[in-house]
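Hi,

Here is the structure I promised to pass on. Have a look at it first, and then read my notes below.

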Amino acid sequence: MVTTNGTANGNPRKGLVDVSIALRPNDLERVPGLIQDISATGDALKPDDGARRLQLLEKARDLVRALETPRETMIKHCWAEPSCLMALSIGVNIGLFHHMVKDGDRSKKAGDLAKTLGIHPPLLCRLMRHMAAMGYMTEVAADEYKPTNFTKSLTIPIIGDGYPCIVNGCLPALIATPNWLADHDYQTPNDVSHGPYQAAYNTPLNFFEWLQANQPNGTQFNHHMGGYRQGRPSWMDADFYPVQARLIQGLDTAPTTATPHNPVLLVDIGGGLGHDLAEFRRKHPRAPGRLVLQDVPAVIAQTGPSAGLDAAIETMVYDFHTEQPIVGARAYYMHSVLHDWPDEVCGNILGRVAAAMRPGYSRLLINENVIPGTGADWQATALDLMMLSLLSSRERTETDWRRLLEDAGLRVLKIWGSDKQNGVESLIECELA
């Protein structure tokens, strides 16, 4: 029996290999070939060549991993990265990065920033020193730093707010997961209200309920989701999913009891602050039909024209565990909703959508990761383990998706994707079976 403190049957584990292996590069033999690949790829790189940039980035990561010793990798994971996450979160909380960039790229002394921010100068010096050592700001002299593009980006709420949100609202659950699994015989958690999250926070609330009850975590999380979606190929683009041919063409504009004046084109279920519908509106400004944003009251209260949402987007308070009030829409859309829930709960959510769909007309569009059998992207696998810890849920493979949807009475028409960027979410297009 293995216990949580790394012992077997009460005795410390003995290494199966000699410690010298931890002091040698991980894969020195690969280094020359990786350097050649990086040189060749870098020579041909152009500013708008996203695919080549990603190839080069992955090769660079491979090179770092090959050159590092296991001991260095261990220290990076256990010391450097957790400490940096802490420092970045503190920096966002105290407004450090706003003060660093408010007058451009001019360097600033940590002591001067500390006086402006009203914090202990030696404390800020230590925080900034580590962030610079990790490459996230530029050291120009002792305790004097310039911002980088990353530092500047931390002043944008959808980028910066992810740090305190993860530290306050997520990280304790990840830390609690090893012990929770040990206590439950390493069985996969499948109850959103009784998992590692509840153990970590000593709460009966689920992840989303806790965030909203403990502001500003809820608002920060909504911003974080906006940042997560930035800069990725979008299903609304012409070379991803044919919106005109698959949605707009065939839109029934004939008045009905449910839609007496204007048919509903797209219902965004659990759509947060409306980022996706706003993008759809920008990219398809002439699309006919109504766009409806649905979410819980606390989220909808943060939306609308006063919050910068296009006035053409309707907002509606709705809990997707209940009956769908919009019947017979052309398309119902869910982005990163079902991965938040175990299969049993997803079946109920999908059942509510299916009951509102019009046979042969309505579509369900699910914008989520479809994890391949091999070669999965690190962004998707990382999110999968986050889902395990936070919501007792998961990212799903194609087999998982087809089984889940078929059990809910839906038929997968096609799984659409893009080869422009690693870790791109797919669009699963469904209709009633």
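A cut-off to start with: a residue counts as exposed when its relative accessible area is over 50%, and as buried when that value is under 20%. Keep in mind too that this is a predicted model.

With that cut-off, Val17 is exposed, because its relative accessible area is 57%. You'll find Val17 in the loop that runs between β2 (11–12) and α1 (31–43). Together with Leu16 and Ile21, Val17 forms a nonpolar patch on the surface, and the three have about 360 Å² of accessible area together.

Next, the backbone. In general, most residues other than glycine have a negative phi, and most peptide bonds are trans. Here are some spots that go the other way.

- Tyr186 has a positive phi, near 55°, and isn't a glycine. Its place is the loop between α10 (171–183) and α11 (196–201). Tyr186 counts as exposed, because its relative accessibility is 51% and the cut-off is over 50%.
- Ser336 also isn't a glycine, and its phi is positive, near 55°. This residue sits in the loop between β9 and α17 (343–356). Is Ser336 buried or exposed? Ser336 counts as buried, because its relative accessibility is 8%.
- The peptide bond from Gln215 to Pro216 is cis, and its omega is near 10°. Pro216 belongs to the loop between α12 (207–213) and α13 (217–228).

Now for the spaces. The second largest pocket holds about 380 Å³. It is lined by 20 residues, and those closest to its centre are Arg229, Gln230, Ser234, Asp276 and Glu279. Two or more lining residues come from each of α15 (275–283) and β9 (331–335). Of these, α15 gives the largest share of the lining, with six residues. Sorted by class, the lining of this pocket has seven nonpolar, six polar and seven charged residues.

How many cavities of 30 Å³ or more does a search of the whole structure find? The search finds one. The largest cavity has a volume of about 30 Å³. Its lining is made up of Asp343, Arg394, Arg396, Asp400, Arg403 and Leu404. Helix α19 (residues 398–407) gives the most to that lining, with three residues. By class, the lining of the largest cavity has five charged residues, one nonpolar and no polar.

That's what I have for now. Over to you!

Technical notes: Residues are numbered from 1 along each chain as its sequence is written. This is a predicted model: local features need pLDDT of at least 70, side-chain atom pairs count only at pLDDT 80 or more; totals for chains, interfaces and linings use all residues. Side-chain values use heavy atoms; hydrogens and water are left out. Patches are made of residues with over 30% relative accessible area and no salt bridge: like charges are joined within 9 Å, nonpolar side chains (Val, Leu, Ile, Met, Phe, Trp, Tyr) within 5 Å. Accessible areas come from the Shrake-Rupley method with a 1.4 Å probe; for residues, only the protein chains shown count as cover. A salt bridge is a side-chain nitrogen of Lys or Arg within 4 Å of a carboxyl oxygen of Asp or Glu. Helices (H or I, at least four residues) and strands (E, at least two) are DSSP runs, numbered from the N terminus. Buried means under 20% relative accessible area, exposed over 50%, partly exposed in between (1.4 Å probe, protein chains only). On a 1 Å grid over the protein atoms alone, a cavity is a set of points where a 1.4 Å probe fits but cannot get out, and a pocket is an open set with protein on both sides within 12 Å along at least five of seven lines; lining residues have an atom within 4 Å of a point. Grid points are joined across faces, edges and corners, and a volume is the space filled by probe spheres set on the points. Ala, Val, Leu, Ile, Met, Phe, Trp, Tyr, Cys and Pro count as nonpolar, Asp, Glu, Lys and Arg as charged, and the others, Gly among them, as polar.
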